[in-house]
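These are my notebook entries on one protein chain. I record what I looked up, topic by topic.

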Amino acid sequence: MRCRDEEWRLLGELLRRARNGSGGVFLVDGERGMGKSHLLREAGCEAAAQGFSLAAGAADRLGEQIPLFALQTALGVFGDDEDVPEPVGRSLLTGRLREQLVLRAETAPVVVALDDLHWASRETLLALRILPRELARFPIVWVLSRSVVGRNADAESLFSALEREGAFRVTLRPLDEGAITATLVDAFGAPPDDRLLGLAKGAGGNPALLADLVVGLREENLIRMAGSRACLAAARLPRRIPRAARPWLEGVGESTRRLLSIAAVLGGEFRLGDVARVLGAAPAELLPGIEEALDARIIAADEDTFSFRHGLIARAAAESVPRPVRRALHRQFGEVLLGHERSVAEAAGHLLRGASPDDPGSLTALDNGAGRALRRSPEAAADLALRAWQLTDPADQAAIPRAVRAAEALTASGRAAQAAQIVHEALAHPLPAELEARLRSALASILNMSGQAGDATGQAEKALAASDRGDVHSHALEAWLEAATARGEDRHSGRIVADVLSRPTDHAEHVVLAARTAQAMFKWNEGHVAEALELLRETVRQGHSASPDSRRCRPLLLLAARLIDLRRIDEATAIIRSTDDRGPSGRLTYAILSVLRARLHLIGGRLDEAGAEAQTALDAAESVGADAYAAVARSLLALVASRQGRLHDAAHHLAGRTVLPPHAASVYAYTETVLTVACVTETREGPSAVISHIRKLCADPVALRRVLLGDPTAAVWMVRTAMAAGDHHLANKAALAVEGLASPANPYVKAAAAHAGGFLAMDEELLVYATTHNAGPWACASAAEDLGLLHLGRAARDQAVQCLNEALDGYGRTGATADMARVRARLRGLGIRRRHWEAAPDRPADGWDSLTNTERAVSELIAQGLTNQQAANRMYISVHTVAHHLRQTFRKLSIGSRVELARIVVERSQRA
């Protein structure tokens, strides 16, 4: 009866009318298992409790051949006039039924509850068409139900006619996610985890199927508790589910059952042409079975595909196929999908399920699938190649080639840790030169992902020496160029880049793109900003820049990173969105995009969002063992924590960095990666603790330019820190360095130079300029603070208070609690107490008050019915970050579904 409040209300209204002397008709439609029979039983019980006379019956397949069977059963009136002709006998029997109803109604109101009228005989349906109208003046409530199944036109005609004459008609809908979750909570005493909830959703909201699932899980002890959540203890279905699915599947013909079983093995959603290819039949031959399955409400049709209406029915149908046959079908279908250039991931899933160590043909299918999938989906190729290698006997001569193929595919998918393990194991054995070159080429890419550019160069050079042709040479040369981009230009790298670009037709396209990208970064490091940008734009125009292959360079994302450096926020944002719109591009690309979004949020002063994006980047990088990208993410997390005054957290993130720059990943956030340790150390231990770091940086003009181009305001920090440490010469050197980078292509450098120079020379005009022209609210607040200190030094108290108030407001808008505390302390020294931007008290660990502002914003959008992607677009954060905030919110609120979240949000808004 869950979610049946409206139906129950209408029934109650009819019963009330009957008690007052008038009748009515209540019609119930619904699929099998939607609770029609239960609703009729509950209605009968309620009517009996109110003093009604109850006449309950049901039609069935056998009774379909007996005229008026359901009504006879309900009223206990049976025809026994043997000598009366059949039409006359039916008329007499109808009259007796009418008399019996009138007799009962004169004593007490009556409820006639008739179930399963889709099986009713034509005579029964004709009687029901007549009797409610003839007996309308009597207190009789007719409660009639039928299943919406097959093409029972007579039952539908009856219901439509009665509805036109005023009958209440309801269609029992599937249970929604909230009702499903509540059912699981009632059954297991705790909210379900995602896997359990996903399994329960396979009931398609069908109460009978859901009930069978719940009872089966309890009977077979398939539920365990993990913390405060109910979880699946095993992946298998309870034995009740195949039994529960039997009425659906046995209600269709044998050929349709076979079609459905094969379709279920292929997946819950399928195309008719795919099933036809597997069966070796023409699609037209399968149409009768498809129509029968549609009529039986087992499947539903979309524009291009068919799908099972209930995932549990699909699983039961698939598991009815013997396991060896299932494997063969999966293999066959995987090859069909690959042959028709369809979803690589879907094809890979079928090939993996069809693989067996005892079937050499299935391993060959994995090999072929990995080769064909590599270009379109390295992730799928990695899964296939890895499985083929794992299923191969080490003594088999195919073992080493499969190890090499797995290493290359894993590297292309960005799964550095897994790839490295296979490479090192394989290199421990004597190998043919070509296979060794392929492994060392893969290792060079792995080392780039792991932050070891120097070692990557060495491995790439060994691969180049062993192979001077084909794909191996191209991959090795590309890995070498990526390492050179991270290291910066020297005579040797500049010569190789120039050589590649002088003979572009001699090299693969991805090698030329890598060389152009390296050349652009060399120009950037030299301070030739406009030239570097044009080279990157030209590279993007000439090549595909969003390859899912993690070995490829990413000029488009490098361009976005440089635009962020220059604070060209709109252009950088457009690039990031365009990359998102292209769809999945590998986990390393996800990590890079999250790093870039985190930087944009930092510039905009949105520290919570920046932290969430950096965490998303860290999760993506660590999931594949890409230490360099994880290090960049940790640097950003440390910077956010430092600005929020969480120095312990900042130190924790920095301690977790396993590699230090320069490396391949640092090009996307160079300044944050290089300077965060020094900034956090200065905050914790004072200027003298980091002055040696600043001296070392200023002694390297290339490194200093890279830092200042990445974030010109770093010059202000260096000047301020050097001055505090008493090193005026070093402060002057940093100020001159940022001033030398000012150009029309980089207007924010001018503001940073004014800020640094104004602080160094105590120049009011320069600091005023910086307060309005710096990039982002945090940088403007920093300039306002320094201007306030200048006024304070000149005993201009009112101007100092005004500037410090502006700084406090600016820091407050960005959530920079550490900076706010410092400015507030200075204002207190001037006798001013500001409460508005005081740090909020520590949030509780759970409950609504524990949510951050961003978590609340995400919750409100989700409560409005937006998808994760729509919420991400609305807030301009990644869909992965929305998912991160939702996970945190669910944990803090101890809920397990979006429906529960929506209810909480609505309840709070109503109270407000």
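Entry 1, terms and basis. I take contact to mean heavy atoms within 4.5 Å. Helices (H or I, at least four residues) and strands (E, at least two) are DSSP runs, numbered from the N terminus. Axes are lines fitted to C-alpha atoms, for helices over the stretch in contact, and angles run from 0 to 180 degrees between N-to-C directions. I note that the model is predicted: local features need pLDDT of at least 70 and side-chain atom pairs count only at pLDDT 80 or more, while totals for chains, interfaces and linings use all residues. Residues are numbered from 1 along each chain as its sequence is written, and side-chain values use heavy atoms, with hydrogens and water left out.

I looked up the overall figures. The chain holds 46 helices and 10 strands. Its C-alpha trace spans about 125 × 80 × 45 Å along the principal axes. Of its 912 residues, 54% count as buried; buried means under 20% relative accessible area, exposed over 50%, and partly exposed in between (1.4 Å probe, protein chains only). I also checked contacts between residues at least 6 apart in sequence: 65% of them join residues at least 24 apart.

In what order do the 5 strands of the open sheet lie? I find the order β2-β3-β4-β1-β5, with parallel pairing. Two strands pair if DSSP finds at least two bridges between them. The edge strands, each pairing on one side only, are β2 (53-58) and β5 (168-171). On average, neighbouring strands of this sheet are turned by 10 degrees against each other, direction ignored.

I then followed single pairings. Strand β1 (residues 24-30) and β5 run parallel and are joined by 4 bridges; Val28 has Val170 in β5 as its bridge partner. Between β2 and β3, also parallel, there are 6 bridges, and Ala56 is partnered by Ala113 in β3.

Helix α2 (residues 36-49) lies across β1, β2, β3 and β4 and runs at about 150 degrees to β1. Which strands does helix α1 touch? Helix α1 (residues 5-19) packs on the sheet against β1, β3 (110-115), β4 (140-147) and β5, and its direction makes about 160 degrees with that of β5.

Rings of Phe, Tyr and Trp (its six-membered ring) pair if their centres lie within 6.5 Å; planes under 30 degrees apart count as stacked, over 60 as edge-to-face and the rest as tilted. By this rule I record 3 aromatic pairs. Phe270 and Phe308 form a tilted pair, because their ring centres are 6.1 Å apart and their planes stand at 55 degrees. This pair links distant parts of the chain, with Phe270 in strand β8 (residues 269-270) and Phe308 in strand β10 (residues 306-308), 38 residues apart. Phe270 counts as buried at 4% relative accessibility, and Phe308 counts as buried at 9%.

The rings of Trp778 and Tyr811 are also tilted, since their centres lie 6.2 Å apart and their planes make 55 degrees. Trp778 lies in helix α40 (residues 776-793) and Tyr811 in helix α41 (residues 797-814), so this pair ties together parts 33 residues apart in sequence. Trp778 is buried at 19% relative accessibility, and Tyr811 is buried at 1%. Ring pairs also link Phe270, Phe306 and Phe308 into a cluster.

A nonpolar core is a set of buried Ala, Val, Leu, Ile, Met, Phe, Trp, Tyr and Cys residues joined through side-chain atoms within 4.5 Å. The largest has 199 residues, and those with the most contacts inside it include Phe308, Tyr629 and Tyr668. Helix α31 (residues 627-643) gives the largest share of this core, 10 residues. Leaving out residues up to four places away in sequence, I list among the contacts of Tyr629 Met449, Glu482, Arg554 and Tyr668.

Is Thr772 buried or exposed? Thr772 counts as exposed, because its relative accessibility is 57%. Thr772 lies in helix α39 (residues 764-773).
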